[in-house]
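Thanks for coming. I have one structure to go through today, so please look at the screen.

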Amino acid sequence: MARRLLSIWFPRLASDVSLRRRPVEGTFALTLRSGNTDHLHCVNLAALARGLRRGMPLADARAVCPDISTRPADLAGEAAALSALRRWAGRYAPMVACDGSEGLIADVSGVAHLFGGEEDLRADLHARLDRAGLAAHSAIAGTKGATHALARHGGGIIADGALAVGIGRLPVSALRIDPETADGLARVGLSRISDILTLPRAPLSRRFGPGLILRLDQALGVQP
């Protein structure tokens, strides 16, 4: 049986959960204090549409959007919400784990037929999350690296045996490499995963470090 993994990413988990409890109309953000400055921790769709982004200083956000509504972030509540979603996702897989602070990873090997196939499994998943008011993107692939990358870049399904083709169009940053390595690759014209798939590994490792090769091989299923 081919291994199949489902990745679910909640891009606005903290704000979605907060707004479910206490709805607010218009532009909204949760804030988190770092040093002596408040920054945006998570924003809703209306805030994104007005150019506000996570990590932006609150003072800058107010300059762009004076009518923004804010609340302090609740990191413990956010973690509890993800844990609850992990338990709920057990309807789709016997094994589900948290993947960072905004994601889940589930082993759906041999399970999808119970929902009519992988497309129908994802459709059921998104219909239920939409009704709950939770934005989510999901992907199914044969490795954690591939499904994690695809879920955070549009979502979808990579058929068994098609990992290289499935992730080739994604940016190199999707491989979970550090930003400095991704920037270095982009500077020499290697912005997509397909750009590095066929390059000799030794020169890549010498120039950009062994972490790049490890992440690429993990996504392709060569390394665990």
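How many helices and strands does the protein chain have? There are 11 helices and eight strands in the protein chain; helices (H or I, at least four residues) and strands (E, at least two) are DSSP runs, numbered from the N terminus. Before going on, a word on the source: this is a predicted model, where local features need pLDDT of at least 70, side-chain atom pairs count only at pLDDT 80 or more, and totals for chains, interfaces and linings use all residues. Residues are numbered from 1 along each chain as its sequence is written, and side-chain values use heavy atoms, with hydrogens and water left out.

Now the overall dimensions. The C-alpha atoms of the protein chain fill a box of roughly 50 × 45 × 25 Å, taken along the principal axes.

Of the 224 residues, 47% are buried. Buried means under 20% relative accessible area, exposed over 50%, and partly exposed in between, with a 1.4 Å probe and protein chains only.

Next, the aromatic rings. A search of the whole structure finds two aromatic pairs. In one of them, tryptophan 88 and tyrosine 92 are edge-to-face, at 5.6 Å centre to centre and 70 degrees between the planes. Rings of Phe, Tyr and Trp (its six-membered ring) pair if their centres lie within 6.5 Å; planes under 30 degrees apart count as stacked, over 60 as edge-to-face and the rest as tilted. Tryptophan 88 is partly exposed, at 28% relative accessible area, whereas tyrosine 92 is buried, at 1%. Together with Phe115, Trp88 and Tyr92 form one aromatic cluster.

Please turn to helix H11, residues 210-220. Which of the residues of H11 are buried? They are Leu212, Ile213, Leu216, Asp217, Gln218 and Ala219. Their cover includes helix H6 (144-151), H7, H8, helix H9 (193-197) and helix H10 (201-208). After H11 comes glycine 221, with a positive phi near 85 degrees.

Last, a loop. Arginine 176 is found between helix H7 (163-168) and helix H8 (179-187). This arginine 176 has a positive phi of about 65 degrees, although it is not a glycine. With a relative accessible area of 26%, arginine 176 is partly exposed.

That is what I had.

Key
Contact = heavy atoms within 4.5 Å.
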